[in-house]
Amino acid sequence: MRNRLKRVLPAAVTALAAVATPAAAATTDVPEPVPHTAPADHATYVVTVREGVDPAEVAERVGVTPVHVYRTVLHGFSARLSPAQVEALREMPDVETVEEDRGATGFGTGTGTGF
């Protein structure tokens with residue numbers, strides 16, 4: 001059994017190295033993902049569009065990739081927008097609103113005693 005292991009083990013290690021090496025090499029050749037948002041100095045906006053209009057297509061018209069596309073309760077998208085993009089969207093007839101995303105606030109943030 002020992003002689004057989006001595007013959008099989010080097011072949012197994014060689015086979016494993018041949019399989020593992022391409023995977024490791026492939027991970028080092030993968031480029032970093034391209035950011036899909038505008039620079040951090042641009043504010044995030046929520047844009048609503050008319051029913052029947054594809055929100056992603058409207059975003060594409062002004063050259064942005066949405067952070068989120070909304071199709072259920074809200075019909076639109078959110079994205080970081082430059083001032084020029086905000087102005088261009090506000091002039092489009094398919095766009096209903098362009099509002100800066102100010103985030104949500106919770107209840108009970110006052111100075112009350114709580115529960």
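1. A quick word on terms: buried means under 20% relative accessible area, exposed means over 50%, and partly exposed is in between, using a 1.4 Å probe on protein chains only. Helices (H or I, at least four residues) and strands (E, at least two) are DSSP runs numbered from the N terminus.

2. Keep in mind that this is a predicted model, where local features need pLDDT of at least 70, side-chain atom pairs count only at pLDDT 80 or more, and totals for chains, interfaces and linings use all residues. Residues are numbered from 1 along each chain as its sequence is written, and side-chain values use heavy atoms, with hydrogens and water left out.

3. Let's start with helix α3, residues 83–91, where Gln-85, Val-86 and Leu-89 are buried. Looking down the axis of α3, these buried residues fall within an arc of 100° (taken from the directions from the helix axis to the C-beta atoms), so they line one face of the helix. Pro-83, Ala-84 and Glu-91 are exposed, on the face turned away from that buried side.

4. What covers the buried residues of α3? The cover includes β1 (44–49), α2 (55–61), β3 (76–80) and β4 (95–100).

5. Finally, Gly-52 sits in the loop between β1 and α2. Gly-52 is exposed, at 80% relative accessible area.

Conventions
Contact means heavy atoms within 4.5 Å.
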